[in-house]
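Subject: Structure handover

Hello,

Here is the structure for you to look through. My notes on what was found in it follow below.

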Amino acid sequence: MHAAFGCRTSNRVHSNKAISFETFCTDAARFSTFPAPLDLPTVVAVGAASVPPGRAEWARKERSSGQGWVTLEVCAMSQHDSWWSSFLNGCSCDPSVHETDTSVLSIEKQKPSQGDDPETDEPAMLPIAAQEPEDKEPEEKGIEDKEEIVELVRPEMLEEWRRQTAMEYNRMITESRRMHAESFTRAGPANRYGELGELPAFKEGRHVPTLALINPMSGAAAGMDILQVARRCDYYKERFFNIIDVVKGQHRGGLLDVFRIELCKAKAEAQDIGMRPRLISGGGDGTGSFAIFMIFLALKADSSRAHEGLEDTGNGFIWTDEEMAESFPAIAQMPLGSANDFGNILGWGQKYPGDVMCGSGPCGAREAALYQLQRWISAVIDPKSRIVNFDVWGFMPPKGSDQCNFKLAELTGQRGRNPNRKIDGKHQVVLKQAGKPVPFFVCLYFSAGIGAYMTSRFQINRRKTPLRNRAEYVRQLLGIVLESNPPQLAGRLNGVTIDCEDRPYFPPRRHLANQGRKYREVGFYNINWQAHGLHGKDRAPLGSRLCGCCASRQPVTFNDGKIDMFRWKFASFFKNPGVTMQTDKKEDMLLTFSAGAGKGVFFQWDGESRFAFNPKGEDFQIFIRKVLNVPVVIGPWVNTGLTGNLDNGDPVSFSFCGRTPEEVAAVKRRALQAVSGHLDAELNASAEELQAAGMHSTGGGT
């Protein structure tokens, strides 16, 4: 039995009616359920081709003389002809299309029959196939050639469809821009920068084109105040974005599209003056890697929207590798978080611009805050501000594998000194399914051990001000030291081994048993700043460390192509002495955890923490290597004593990294998997996997 076909329009539904090809295609363009590019000749040709002779009862086409109407009827199509079935279902308002094995697409101007009203020119209902004998032989017409079907699409029809689609898309973009501007309105206390203050005037051709992705709630809502000030200038109003709204606006015509349009415009403007565009990443330390993620997301190609500028250039993105190398925006980190290690090491300060101790009043705090913010923005858009290379590291599958063999979960529990739940007389770790972000990019540091566990507990107890957050870190650290070890943890770093460059690194005396239990933390630095005070320098003898006369001892440098591995126990702070860790420069890191079923390890990267485990209790590996070279903007308050020489000898550029073309291609694939959401399923554990591993969880684990 044939299913009646209906096509939706903006204000009404056409059901069991004949419609023009233009109307059908214009309406169909509003849906995004089909996985192929929406080009009309392709739609018609592929639609007919998806009904091979073995599955079609009949197919017919005809053109009425002097009219722009066509008939295209396809019957008895198998449901697993997925593309064409997806196309029909996306445009159909009849649920029976999803439930039957046969469908009819009729686009036809029919002559009035007895059931028609000649006054309204309403077409007759489609004939019911059940009225014909079921064993009737199919007509001997078969499937016409694709070229003949394409001929039915008149050029003016295609041009009209494209025009209507472009108009609709522009309307959606305009609406997103309007909502974007209105979202800057702040409800609550007065703006800390004043109600009339503005950012420094942007002069085209003189200043560097700059965009911003800012977390409005960071810096005790200083991010929202900065967005509100940006709204008072036409240039910044268009290019300063609430990063949360951009993430939410990933639909066609949404705010992500607006961000992409502005990014491409900034690219063209920067090329005209021989510069690279810049991007302000405003938020905590994790915002830096997330801003890189958002750039990739905006530049990801989409073949179904090639006519809207999202055509694949051959690398999975809308910019070629050459365009990425020359125009990938340089990152300027605005310190709006608690630690602000990233912004501080790049010379942009450890507190948000305009942070003043006193409130409004005769001391003129708002005027002082606005001046500092203006000075900060002026440094970013100044073409004299220095641009340098920056290493970005990434979680990759171990060598010889296509995916990682561990799963991730997040710590959960009630706020307080100890979030763990008491079960069977012991405080035990309780987990929940992990959310965003999924680990891929590592810009700052990585570690496993007490610091990662402390970060997980802090995330549950996050406070409203940077000072209270620092106090919370101390409280959680003391709690971990004084409490008994939960059964889900192996005890300090038992079960953890690390190889770098295919050679053993941790524990340092691996041939001896249980050496990991002596250590509290192991990992690497990419920047020479962690948690307001931890630094790193090359390993050296005790005498050189004490007298400080070892000139060859190099600090952690973020663009030397090396990670600076460290390991410490509490006694290390007395042996160093101080908070400068001894480090070893390496090209990669392979962490292996082996402790049996029901156990895992906490790790943290760039201030985010997760619990890693294997659902079957098998050994698992965490492999990290360099994946990107990204340009960054150096601020006016950089401390070269901490950073070392910022010139690594290479031209400033963006690139995907690897020692072989295959390794470079693997990074591109991984980046596309990350922005497409495929890594979520690969890395984040399901409730069933948590239960299979014997973990206590909010999803019903043991």
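A residue is called buried when its relative accessible area is under 20%, and exposed when that area is over 50%. In this predicted model, Y236 and F240 are both buried.

Overall picture

The chain has 702 residues, of which 52% count as buried. It contains 22 helices and 27 strands. Taking contacts between residues at least 6 apart in sequence, 76% join residues at least 24 apart.

The average pLDDT is 80, and 75% of the residues score at least 70. Residues 1–136 have a pLDDT below 50, and this stretch has 225 contacts in the model beyond near neighbours in sequence. Residues 358–363 also stay under 50 in pLDDT, with five contacts beyond four places in sequence.

Aromatic rings

A pair of aromatic rings is described by the distance of the centres and the angle of the planes. The whole structure holds 33 aromatic pairs. In the pair formed by Y236 and F240, the centres are 5.2 Å apart and the planes stand at 85°, so the arrangement is edge-to-face. Elsewhere, ring pairs connect F296, F317, F328, F440, F441, F654 and F656 into a cluster.

R567 places its charged end over the ring of Y505, 4.7 Å from the ring centre. K569 lies over the face of Y519, and here the distance to the ring centre is 4.8 Å.

Helix packing

How do α10 and α11 pack? Helix α10 covers residues 255–272 and helix α11 covers residues 286–299; their axes are 9 Å apart at an angle of about 90°. The two helices are therefore roughly perpendicular to each other. On the α10 side the contact is made by L256, F259, R260 and L263, and on the α11 side by M294, I295, L297, A298 and L299.

Helix α10 also packs with helix α6 (residues 155–182), at an angle of about 95° and with the axes 9 Å apart. Since angles of 65 to 115 degrees count as roughly perpendicular, α6 and α10 are therefore described in that way. Y169, I173, S176, R177 and H180 of α6 make this contact with L255, D257, V258, I261 and E262 of α10.

V481 is in helix α16, which spans residues 466–482. With a relative accessible area of 36%, V481 is partly exposed. Apart from neighbours within four places in sequence, V481 is in contact with I450 and F570. V481 and I450 are 31 residues apart along the chain, and their C-alpha atoms are separated by 8.8 Å.

Backbone points to check

Most residues other than glycine have a negative phi, and most peptide bonds are trans. The following places depart from that.

- The peptide bond from K436 to P437 is cis, with omega near -5°; P437 is in the loop between β13 (430–433) and β14 (441–442).
- N576 and P577 are joined by a cis peptide bond with omega of about -15°, and P577 is in the loop between α18 (572–575) and β21 (580–586).
- D424, not a glycine, has a positive phi of about 55°. D424 is in the loop between β11 (421–423) and β12 (426–428) and is exposed, with a relative accessible area of 72%.
- D606 has a positive phi near 50°. D606 is in the loop between β23 (601–605) and β24 (608–613) and counts as buried, at 2% relative accessibility.

Regards

Note on methods
Residues are numbered from 1 along each chain as its sequence is written. This is a predicted model: local features need pLDDT of at least 70, side-chain atom pairs count only at pLDDT 80 or more; totals for chains, interfaces and linings use all residues. Side-chain values use heavy atoms; hydrogens and water are left out. pLDDT is the predictor's confidence in each residue, from 0 to 100. Contact means heavy atoms within 4.5 Å. Rings of Phe, Tyr and Trp (its six-membered ring) pair if their centres lie within 6.5 Å; planes under 30 degrees apart count as stacked, over 60 as edge-to-face and the rest as tilted. Buried means under 20% relative accessible area, exposed over 50%, partly exposed in between (1.4 Å probe, protein chains only). A charge sits over a ring if NZ of Lys or CZ of Arg is within 6 Å of the ring centre and within 35 degrees of the ring normal. Axes are lines fitted to C-alpha atoms, for helices over the stretch in contact, and angles run from 0 to 180 degrees between N-to-C directions. Helices (H or I, at least four residues) and strands (E, at least two) are DSSP runs, numbered from the N terminus. Angles under 35 degrees count as roughly parallel, over 145 as roughly antiparallel, 65 to 115 as roughly perpendicular and the rest as oblique.
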